[in-house]
Amino acid sequence: MTICSLHNASKTYGRDAAMVWALRNINLEFQAGEFAALSGPSGSGKTTALNLIGCLDKPTDGWVEVEGTNISGMSKSRLADLRGAKIGFIFQSFNLVPVLSALENVELALQLAGETKNRRERASALLMEVGLGDMLKRRPNQLSGGQQQRVAIARALVKEPALIIADEPTANLDSKTGRAILELMREMNKAKGTTFVFSTHDPMVMEFANRVVQLRDGEIESDVRKNSGEDL
Amino acid sequence: MFLIRMALRNILRHKLRTILSALVVLSGVWVLIVGQGFIGGLSENVIRASVDSMAGHISIRPTEYPDAGFKHPVEGLFPVTPELVEEIDGVSTAWTTRTYAMADAISHPNTLRVRLVGFDPERDPLVFPRNGWKVVGELPDENSLMVSTGVAKLFELEVGDVLVLKLRTVAGEFNALMLPVSGIYSVGNPALDSMGVFLQQGLLGKLIMSDRVSHLSFRVRHRDQAEKVAAGLRTKLKTFAGFAPPGENARENSPPVETTLDTHVEVVTWVDATRELLELQQIRQKSLNFLVFILLGIAGLGIANTILMAAFERMREIGTLRAMGMRRRKVLAMFLLEGAFIGVIGGFLGAILGAALIYNYSVNPIDMTPMIEGKGAENFPISTLLYTEFSVPMAVGSFIFGVVVSVLASIYPSVLATRMAPADAVRAE
């Protein structure tokens, strides 16, 4: 089942002579349960692609579909609702809300997804699953980087989204913690079948991914599924 | 609930900044309440001093009496006939008569122009309450007088001393009496406390050779009813023929001559009597409004700045919330709530502190004697004790005003905060 797809998607910034192409005519599809990495050097268009996949932005040309629905005509509010219900985000700098505890950060995701039932129970159960059962009440500044990213993973997963977007999730972590985080994400991907798409230039992350899409200058350079070894 | 919790915790992130913004709101609300309390108190004070000692709620008096009253001899006095009593009885809860007249007070070698107040010993307290009166010695009987602290001071009089009063009778002849001082008073109205001399109506009648009076004063249940009652009184007395015309300063036994109301005699209320003073108060009120406007303007700018700084500092957080599905409206609400909370904290403290101060002085008045004495304010009818005017709706209103200003000031920076594109905001440094 296709979770998200880009169709002839282009994104430009600026105008006329100052126009910059961030993405050129990209076609990409992500299937349910994929653990895919978008890779490439700085300026290759990883972040722009991730913004389009995560419905944070719309393409200048082409269109994006999420679970078969074209999002082009959606208002900002409807897009916000769509993100709240179907897409989870994990950021390089964790981006937890500093005034909320670990538990409240996770609960907030359920709140924004419009969930009304058992929010607290579901949030604490997931925090336990990611190994933070004894840190529910801690604020982000009382947690290490690795612990914060675990909270962020729980926050992204708790609403059981169709898709999780992870923007360089290990970039701010040491390699040991980074590996542990990747193992956790992989584990969740397998256990819950959630689709993960992340951007990275960390070889370790690519090692974990079962699909690596290489971008360069806004275009797809290669798209490799590892389990089959097939170059798409 | 989440929004409220987040907004509350957010304003505690930069405690100093929040405290400073709240302090400005606090001062704005405080000044508003305290200013209103003092100006209201001052107005009330002016009204009460004038009403309770001289003006009453309603008075029937010779037209333009304030000017005519300084004339010597007194003109336009009218008799209190049974017919007149019949007309006015039942108009209000209480009425009394008074006669004001100017006289020379002599205590060798000094002479002083004084204002005589002839009063009805039985009826007077019904219209002019004496709770603010301070009397050393006794109230005057049929053959004595009571001088004000001002007169006593100038003549160095003590209770038991004598004073000569010299004035013209209604017929224009000189008359004089040497009278013992039964008491020295202050009634809280400098117009009477500086140059007043109280004596019973009968005794004043002997001096001016007439039992006619200059004032027939009424007290109604509440002074707000005065205008209505006065209007009724005017209608009722329109056809009354018992007032004397001007120049008719005949002696006791001359019959009253037919005349009309409003030509020679007028019905005035405390509002007329205090109009000029209240206009002065209104100017004060406007100055206060201007000051408060500026202060709350500054408070608004302070809050706008606080929210703007918060919005820029928390750009990434806003982006994250938007990425997670928070609608712009909710982000806006969160920032507006933050502004509102600062307003609530500052406004509440300002209201409490202001109200406490004003309440305190509304119960324990400020003694203004040192401020009034020797400052040429002797003729300003203001009580030496200033009671501030405390009212709960005013305090609550000022508090709400502070909160509204805070929320209004937060709108622009909050809108700015929601305008950032989430894709850029999530990665903002």
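Modeller: A:Gly131, which comes just after helix 4 of chain A, has a positive phi of about 85°. Helices (H or I, at least four residues) and strands (E, at least two) are DSSP runs, numbered from the N terminus. This is a predicted model, in which local features need pLDDT of at least 70 and side-chain atom pairs count only at pLDDT 80 or more, while totals for chains, interfaces and linings use all residues. Residues are numbered from 1 along each chain as its sequence is written, and chains are lettered from A and ligands numbered from 1 in the order in which they are written.

Helix 4 of chain A spans residues 119–129, and its buried residues are A:Arg119, A:Ala123, A:Leu126 and A:Leu127; a residue is buried if 20 or more other C-beta atoms, placed from the backbone, lie within 10 Å of its own, exposed if 12 or fewer, and partly exposed in between. Viewed down the axis of helix 4 of chain A, these buried residues fall within an arc of 105°, so they line one face of the helix, the arc being that of the directions from the helix axis to the C-beta atoms. They pack against helix 3 and helix 5 (145–157) of chain A, where a contact requires C-beta atoms, placed from the backbone, to lie within 7 Å.

Helix 3 leads on to the other chain. In the contact between the chains, 21 residues come from chain A and 18 residues from chain B. On the side of chain A that touches chain B, helix 2 (76–86) and helix 3 (102–112) of chain A each supply at least two residues, and helix 2 of chain A gives the most, with 7 residues. That side of chain A consists of 12 nonpolar, 5 polar and 4 charged residues, with Ala, Val, Leu, Ile, Met, Phe, Trp, Tyr, Cys and Pro counted as nonpolar, Asp, Glu, Lys and Arg as charged, and the others, Gly among them, as polar.

Within helix 2 of chain A, the buried residues are A:Leu79, A:Ala80, A:Arg83, A:Gly84 and A:Lys86. Their cover includes strand 4, strand 6 (87–90), helix 3 and strand 7 (163–167) of chain A, together with helix 11 (315–323) of chain B.

Strand 4 (residues 61–66) and strand 5 of chain A are joined in the antiparallel sense by 2 bridges, and A:Glu65 lies opposite A:Asn70 in strand 5 of chain A.

Leaving aside neighbours within four places in sequence, the contacts of A:Val197 include A:Phe30, A:Leu50, A:Ile53 and A:Ile165.

On the chain B side, B:Val197 stands opposite B:Val147 and lies in strand 8 of chain B. Strand 8 (residues 196–200) and strand 5 of chain B pair in the antiparallel sense over 2 bridges, whereas strand 5 of chain B runs parallel to strand 7 (residues 174–186) of chain B, with 4 bridges between them. From strand 5 (residues 145–148) of chain B, B:Leu145 and B:Val147 point one way and B:Met146 and B:Ser148 the other way, and all are buried. Strand 8 of chain B also holds B:Gln200, which counts as buried because it has 21 C-beta neighbours inside 10 Å. The C-alpha atoms of B:Gln200 and B:Met146 are separated by 9.5 Å, although these residues are 54 residues apart along the chain.

Note on methods
Contact = placed C-beta atoms within 7 Å. Pairing = 2+ DSSP bridges.
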